[in-house]
Every structure is written in structure tokens, then in C-alpha cells.
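Dear colleague,

I am handing over the structure below, and after it you will find notes on what was found in it. Please read them alongside the model.

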Amino acid sequence: MTLYPPQVKNIEYQIESLVDKTRRYLLTTLGRTLEEATDQEFYHAFSLALRETIMINWQAAAHTFLKNDVRMLYYISLEHLPGKILSQTITGLQKEELLQKVMMRMKRAYNTILECERDPGLGNGGLGRLASCFLESLATLQYPAQAYGLRYHYGIFEQQLWDGEQVEIPDCWLISENPWQFRRDLRRVSVKFGGHAKAKANVYEEPSYDLENFDEVWVLPYDVPIVGFQTKNPFSVLTLRLWSTKESPRNFHLQRFNAGRLDEAAENTTLTDVLYPSDHHETGKRIRLKQEFLLVSASLQDIIRHYLFTHDNFKAFPDKVRIQINDTHPSLVIPELIRLLTHKYDISWQKACEIAESCTSYTNHTILQEALEEWDTKLMQTQLPRQYEIIERLNANFCTSIRKTYPNDEAKVRRLSIIQDGKVRMAKLAILGSHTINGVAQLHTKILKEDLFREFYDLFPDKFSSITNGITQRRFLLQCNPLLSSWITKRIGDGWITDLSQISKLNAFTHDAADLETFLAIKRRCKENLIDFIQENCKLRDQKGVIVSPPPVIYPDSLFDVQIKRIHEYKRQLMHILHLIMLYQEMKTNPNHERIPRTAIFAGKAAAQYETAKAIIRLIASVAHKVNHDEDVSGHLRILFIENYSVTKAERIIPAAELSEQISTAGMEASGTGNMKLALNGALTIGTEDGANIEMRRAIGDANWPFRFGCTADELAKASYSPQNIAKEHPNIALALETLKNRTFARNDEEHFLFCDLYNRLTQNFDRYHTLLDLPSYYEAQKKVDALYQDPMKWASCAIHNVACMGMFSSDRAIQHYSKDIWRIQPCPIDKDILDHIQNAYGH
Ligand code: 26V
């Protein structure tokens, strides 16, 4: 009997079957009856029941990759932000309606149950979310791939605002048992730290290193299923394998404990405890280095084990394995792979270097100097003596080759050297050791080639490539915005879900009044939904964190002006709030003003030690407090800061956004991906010429990109300006700046001190973010926002046009580009015989 295409059992049967399974899991796994089960327990049992649906395809996909002996992609990343796994699974299976019926029958509220899952906050921001969009696209496009990461016990902190001050609360996402993780005891590996590297010769008489007196750590993987969207083929399921040192009792050092060295005793059990704030400057973090190596070493052992399952030598290894290094964090893959090949598998140094280069490629995600990773040589020598020896040797050979090409230019050798001033420069290691380095938007890649890594580009021009980021339209339109999605599908069919280029067909619907009105009505509904969410979930806290007051009343007719992203000086939330102060003053001084009503919505976390970013949050909160309590502007201006931004919060806010703030200093935002998510949901962008904004503008066309402002990166490179002159020429800017000093918003001495510091950063010292230089043109662009918003039909037409031009910003396009040009991998749909076989043996 062939079960493919899957038997379409009638809906009623499917509902009953899930109801049945959920009940059974409630009883057999949780020991509860349906009537007494809490929502959390119900969520758990329901997830276990739904999980059954994907297990067969998960196994079948893995077996298919093995049977076909395909080239596999391994995406290694210290960060992953997948969002809720249950919602992703439901979207992939396209079972939303059915599952709503199941829950209705079991008397549970669908959204409440979905909310029970905690977001795995295993990342800081853009880089982690990109990894998750990519994995979802890889699964949907049925590529043979697997991702690796760490299972941090505490993900990114939970952010609360206590009377405007960010407070970090530990993120205990594992507090209830997680039904979407599979502990794989069989795949446990050991990773070695410290000790002494003892040189010995390998079979080629080359140096290789034994390790003595090392510290051994056991690492256990937990697998998370990532379900691809079901197309004409059976849906694929890929694995996100997360390593943990927590659950291996052998990692605890009893001898150290008995000697009273408690911290040391527990160090290895706690290695994967916390996510580091990689978006903030940090030096000399021993545990972070151990985390990076742990991820690299465990993943490589796993990759090699997988390869050796179907091979008995390494000849085919460079053909079968592709490893993507997500930023430099996993770049120790290069020395560790060389070490394993030369030491454990008797491959010559030369050959091992070639294999490592063929297999690895590296994505750079930031050009900020202070963000480039470097490790103290001493620390690396102590923790990873063998890998350090290999890096030294790689570097020595590299320096020799530079000297050959550029004799008598020792300064150049120093600049290119991987080891410089007692530090290992990880980006240089990644460029040298891998076959491709890519930037994440065109401008970003240009800066990499012409500026940051210019001398590497001179040496290896063919290694550089540009692939603009993308986002998955399944999560960030289909799933989060059902109203807009179904309107789009009604208009152009559902092809856009798996081929976003088809969204261009929407261009035919930018003129008809009925369409424009429908679009406006949908946006309005989305805004009302967000207002309901805010009223319910965004109550304000006092200085002790106690909830004391409801959020302000928000008017659905006002323009929803949204800036949602990490708080960083280069992203210029400070410029945004200065503009709101200017608006406030304008409204106060001129009661007959004609400014449109606005609701400004901020969300985003500041790194815990990033004082300036925290001061910016404080300023936003204080301005919000004053403005929201001022009767004179009520109905015209509201300012909100939504706590604890996350993937799930993004899904709530994005559909309601009308104006998307993408206002970074030109040249500083590598790409941005929130810009794409907001535009895809019908927000218009007010933006600088930075990152992917530039490509979005080109795709959309200048006529429908009306709010461009600010200096370009080239202009900024030459710019010099005097903040004092800007203040003189623009009295409204001067007045807004004054409020930072004159206690207009500061509610106590501490705030006064912090806001004065912000004032000084903008005016006294050289502001590397050029905030005041761009403020006048930002102000003018915001005036254009007002003008266009007063003509809703025109606004709607422009917004639909923006949505229609977002086709190329799907992560499907990005993944196809990586697959073709960097990884050279082919899709590998599930083998029907394998699927049948597993289904016959295990299906019902
Ligand atoms: C790191 C650091 C560390 C030192 C202090 C300043 C600083 C600022 C930023 C970062 C960024 C860390 C890497 C990252 O998340 N990059 C983001 O990657 C996204 C995906 O490619 C991209 O869309 C964002 O523009 C980029 O900021």
C-alpha cells in the first residue's frame, strides 16, 4: 500500500484523533485529566500529540540524506531565535484551522495555549533571528542541512522597565518541561580544554599534538525539529542540534569541590548556562571562549561521525561537507578541523588546510571595529593549546607568503597577520581559512572589500561575495498577519507563500478604491489588535517593579510610528526621541498646529552593561511619562515602550506598524531585517541609505519611497559639522536639546545626570553617529510623513506598492543564492520509498 500522497483522512477523523491523543498524553505523561489540567499542561500534552505528526517525516528526511549520500550544509551559530516552535510547526503543517477546532472541542482558547510556550531566546538580535529564518527556508526548500547551537539554560534576559529603568531578569525558559527538544544521549561527545600540547610527528613527519593533563567536558545534544512548509512534496523536517554541558553529571569535579574550590568544581557543568551579550564589547571572557570551542568541537565531531557513517576515508569529505560560520564566533572550526584531520585521521597538513578551506565559509555581520572578535593569545594558549599551535602555524605560513608577494613591506605583514599585538584576530582567521566570506547587503560588502578588509580583498578577490539577507514570509506575514495574508491570497493566489517574487502581482491592486479601502481597514484591525494587546500586557511598573498603572489610552486613528530593534547608539533611537520632543514642543507652543496624531512605539533590549543605551531607554520612558500625562497633547501624541522585545512580540507589533523607523547612521547597519518584515506588512519606511534599506528603495522605486533622508556613507566619510551651528540654524533642535539639560523630562537627579550626559554626547564630543547632522533632514522627512498620512488612499496605494516590491527579500531567495554560489548544494526531497517504509512501520 502506498501512503504517498498522504491519505487525506477526513477532517473529522483528524480532529478526533488529535483530541484522543491529547487526552491520552495528559493522562499517561502528565497524570492529569482534561478537566483539571492547567493551560500549561494542556499545551504540553497537545504538543506531544502534534509532535507525532512530524516524527515520520523527520526520520525520513534524515534517512534520505544518508541514503543519497548528498552534500550536507551545517550551519553553525552561537545564536538562534526560532520563536515559538509550536506555532512554526502548525504553520508548516498548515493545520491552523483544524487545530483551532481541536482546541474548541477541548474547551481551550487557541491563542492562550500557543502563548504557554516560552520563546527560546537563544540569541541577541538580528544575527540569531537570521539563522532561524535561514533554517526555516532550508527546511521549506528541502535542502539537506542541519544547524548547530548551544542550549543556554538562561537565554537573553527578560527585560522589565521599572519606572523607566531597564532591569534584567533571568530568562528561565526551561522552567517547564519542553516538548520540542529531544535529548540524544547516544550522540554525546567529549571536548577537551587546557592541558599541555605535546608535539609528536604524524605519519608525514609533520608536527601534531597530543594533549596531556586536560580537562574533559561531556556535551549532550538536544534536537529541535524545524518543520518546513508543506508543498507538493511531503514536508521536510530539519534538526537544530543544541549542545549542553548541564546534564552530564561527570562534568562536576568532586576533587575540586572537596578542596573547597567550588567555582572551579562547577565550571564545566555551567559552561552552557548563559548567553553572552555578543552585541556589546567584551574582552577576556574565558567562558565565552570555552563556549565557542565547545560548539565547534562538538559539532565537528558530530559532522565527522555522520560522514563516516557512509564513508571509510576522507577522500569525499570536501565534496560532502559544507560548514557555514555565522559571524566569527564559530571560526575555531578552521584550526579544529585541521587538527582533527592531521592528528586523528592521518591527513597531511597541506591537504587538511585545503579540506578546511573547501568546507568552510564565513558570513560577516558587522563592520563596527569594536565588534570584531579577538582573543588574547595567552588565554587561547592556556585553554586551547593545540588549536593555538595550529593558528600560529597557519599564520606563519601566511606571513611567509605575504613576504613573497610584498617583499620589504613588514608593515603590511603586521596589518594582515592573524596574530597581532598579543591577540588572535578571528575575522582574519575566518577569511584566510575559508573559501568565501560574504557580507549581508551590497553596501556592507562594499565596505568589507574597500575598507575593513581591503588588503585581504587585494589578496583574495574571489573569496568575497555579497548575499543580501532575507526573512521568511511564512512567519512574518502568513503566520503573524492572517488578515493581510488572506487578502493577498484572495487577490493573487497563495503562490507567494513559497515564492515571494509572486507578490509583485499585488501591483495591480494599488489603484482601485475598494482595494485601498480594504487594505486600510485591515491595517486598522491590526492596530486595534495591538491596542488590545498593549492594554492587556503593557502595564506600567513603579521603581520596585510593581505594576501600578495601565498603559495610556491609544487612538487607533493615530499613525503607528514603530522602532523595534536592539537599543544601540548607531541605530539612533536617540534621534527618534529627539524628533518626538520637537513634535511635543511644537504642539505645546502652537495649539493650532496641523501635525497628525501619532503613537510612537519603541521596543528593544539594551545590553546589560551598555550604560548609554540604558540611558536612552530612560529618556524615552521619561519623555513618554510627561507626554502621555499632558492633556494639551492627548489625542495627538503618545509614546510607548513595549517591554521585553522578542520574536513573539515582533509578531504582534509588526502587522500594526504604519511607519518603520530604519534610521541608523549610514554605513553602520550591516543589513537590517526588521526593515523587511515591516515593509512586507505594509509599513512605509523612513530611512537612511544604509544596509538593505538601499536595496529596498531600489526595488520599490524612489516614487514609493518618499521618506528617505540623511547623509550617505560616502558623505559621512567626508563630513565635518558643528553641532552648535546646527542648533543655531534650527531653533527647534536647540530647544529640544535644551530639554535634556533643563530637567523638562528628568524626574530626579539621576535622570538629570544621565540626560546631561546624552546631551554632551550629542554636542560636545565628536558624535560618531552623526545624530545632529542628520536631524534636520529627518525632521523634514517626518513632515512628509504627516503630509502623506493626511491622504489615506495615497498612503495605502504607496504601502501596497511597497508590499508588492518585497519579493526579493525572502530568506528563500537568500538561501537559494547561498546554495548555488557558496555551498553548491541541491534540494533533496524526502525519498518516497523511505517515507512509505517508515509510515508503514510506525504510522497509524
Ligand atoms: C556587535 C557589537 C559588539 C561590540 C559593540 C558594538 C556592537 C554592535 C553590533 C554588534 C552586532 C553583532 C552581530 C549582529 O547581530 N549583526 C546583525 O546581523 C544582522 C543579520 O545579518 C543584520 O541584519 C544587522 O544589521 C546586524 O547588526
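A patch, as used here, is made of residues with over 30% relative accessible area and no salt bridge, in which like charges are joined within 9 Å and nonpolar side chains (Val, Leu, Ile, Met, Phe, Trp, Tyr) within 5 Å; accessible areas come from the Shrake-Rupley method with a 1.4 Å probe, and for residues only the protein chains shown count as cover. Please note that this is a predicted model, in which local features need pLDDT of at least 70 and side-chain atom pairs count only at pLDDT 80 or more, while totals for chains, interfaces and linings use all residues. Residues are numbered from 1 along each chain as its sequence is written, and side-chain values use heavy atoms, with hydrogens and water left out.

Phe 252, Leu 254, Phe 257 and Leu 262 make a nonpolar surface patch of about 370 Å². Leu 262 has its place in helix H8 (residues 262-266), where helices (H or I, at least four residues) and strands (E, at least two) are DSSP runs numbered from the N terminus. With 48% relative accessibility, Leu 262 counts as partly exposed, a class that lies between buried (under 20% relative accessible area) and exposed (over 50%), with a 1.4 Å probe and protein chains only.

Helix H3 (residues 85-93) gives another picture: nine of its nine residues are buried, so the helix is largely enclosed by the rest of the structure. What covers them, by contact (heavy atoms within 4.5 Å), includes helix H2 (39-68), helix H6 (126-140) and strand S9 (215-227). After H3 comes Gln 94, with a positive phi near 55 degrees.

Strands S3 (residues 158-162) and S4 (residues 165-169) pair in the antiparallel sense over five bridges, pairing being assigned if DSSP finds at least two bridges between two strands. They form a hairpin with two residues between them, and Asp 163 in the turn has a positive phi of about 50 degrees.

A search of the whole structure finds 63 salt bridges, each a side-chain nitrogen of Lys or Arg within 4 Å of a carboxyl oxygen of Asp or Glu. In one of them, Arg 618 meets Glu 750 at 3.3 Å, N to O. Arg 618 lies in helix H23 (residues 611-628) and Glu 750 in helix H30 (residues 749-763), so the pair ties together parts that are 132 residues apart in sequence. Arg 618 is buried, at 7% relative accessible area, whereas Glu 750, at 45%, counts as partly exposed. Salt bridges that share partners join Asp 163, Arg 618, Arg 747, Glu 750 and Glu 751 into one network.

With best wishes
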